[in-house]
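Hi,

Here is the structure I said I would pass on.

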Amino acid sequence: MKKIAITGSTGLIGSRIIELLKNEFRFIEILQSDIDITNRDQTAAFIKKIEFDLLLHLAGYTDVDGAENKREITQKINVDGTKNVFDAVFKKNKQLIYISTDFVFDGQKPPYFEDSVPHPLSFYAQTKYEGEKIVGQKAMIVRLSYPYRKSFTPKRDFVRNIKLALEKQKPIQMVTDSLITPTFIDDIAFGLKHLINNYSPEIYHLVGGTNLSPYEAGRLIAKTFNLDDSLIRPTTYREYYENKAPRPQLSDIRSKKNHFLPMNGFQEGLKKLL
Ligand SMILES: NC(=O)c1ccc[n+]([C@@H]2O[C@H](COP(=O)([O-])OP(=O)(O)OC[C@H]3O[C@@H](n4cnc5c(N)ncnc54)[C@H](OP(=O)(O)O)[C@@H]3O)[C@@H](O)[C@H]2O)c1
């Protein structure tokens, strides 16, 4: 059985990967209580000591709006942390998968494939792209987009946030002139299973099968969970993000290379949450 070291295993995505793949691989969780990846010596010593075949690097500072005002810590975790992990893994001659995001693109000229040229807009996105440049062509880079999953108490994904607001009868504004590509986290896990077993140091997109506007996504969520969709009010990209970190407006992200796993569209993914 392949041994997979994993950072960020307590997070939204990492915890589900372990839940779903625990019988496929032996996971060695690298918890923040074991090492702070921003500490180079600690990271090098810990990674040197553990035995693994491949390291899945998910740990990151992931609050996109928060990152604008917390630049130092975002830079330390996403850039220095990634460098520390990368250097330690390569010293041992082991494989690395770096998890990145569709936010590395600017959303001006969709669609975006694995070979499209990144141009990040927000500070968070810049640091994730820096991470990509650090691992370069020596590791696998897997970009994800708008992940959602069954309930996870420590952190809510966008589906959960909308569902919760509608359940509380709270009106919400959702953007009509923008595109997102929601991705079912279970598909990410099974896609990663394939990529781990067929490792090659190149870029992959593991993204959902549907591109739609956040407004349409909100209405589908309301319909699926039998909630009142009249609480969803249309707004524009410009208005909604006026005081927030910029996101790619048209994040229609696709894969040229995923011939191994059909990814659920948003409607199918939501049905699976039921
Ligand atoms: N969520 C999204 O919308 C999204 C979209 C595209 C790509 N991604 C990428 O996917 C990856 C995972 O995202 P996620 O949403 O699952 O993350 P998350 O829920 O925010 O969890 C972040 C993880 O990183 C760990 N971590 C943070 N700082 C650390 C440090 N200094 N040293 C060691 N570990 C540290 C956290 O540990 P603690 O639990 O101890 O704090 C946690 O396990 C990230 O790289 C993110 O950029 C996420």
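**Helix packing**

Let's start with helix α2 (residues 40-49) and α4, whose axes come within 9 Å of each other and cross at roughly 35 degrees. An axis here is a line fitted to C-alpha atoms, for helices over the stretch in contact, and angles run from 0 to 180 degrees between N-to-C directions. Helices (H or I, at least four residues) and strands (E, at least two) are DSSP runs, numbered from the N terminus.

Before going on, a word on the source: this is a predicted model, where local features need pLDDT of at least 70 and side-chain atom pairs count only at pLDDT 80 or more, while totals for chains, interfaces and linings use all residues. Residues are numbered from 1 along each chain as its sequence is written, and side-chain values use heavy atoms, with hydrogens and water left out.

From α2, Arg-40, Thr-43, Ala-44 and Ile-47 meet Lys-83, Asn-84, Val-85, Asp-87, Ala-88 and Val-89 of α4, contact meaning heavy atoms within 4.5 Å.

α4 (residues 71-91) also packs against α5 (residues 123-135), at an angle of about 15 degrees and with the axes 9 Å apart. Residues in the contact include Arg-71, Asn-78 and Phe-86 of α4 and Phe-123, Tyr-124 and Val-135 of α5.

**Around the ligand**

How many residues surround the ligand? There are 23, and the closest are Thr-10, Thr-62, Tyr-124, Lys-128 and Lys-155 (near means a heavy atom within 4 Å). A polar side-chain atom of Lys-155 sits 2.7 Å from a ligand oxygen atom. Backbone N or O atoms also come in: one of Leu-58 is 2.9 Å from an oxygen atom of the ligand, and one of Gly-60 is 3.3 Å from an oxygen atom of the ligand.

**Two backbone details**

Most residues other than glycine have a negative phi, and most peptide bonds are trans. The bond from Pro-110 to Pro-111, however, is cis, with omega near 0 degrees; Pro-111 is in the loop between β4 (95-101) and α5. Gln-169 has a positive phi, near 60 degrees, and lies in the loop between α6 (158-167) and β7 (172-175).

Cheers

Methods: A polar contact is a pair of N or O atoms within 3.5 Å; within protein, one must be able to donate a hydrogen and the other to accept it, and residues adjacent in sequence count only if both atoms are side-chain atoms.
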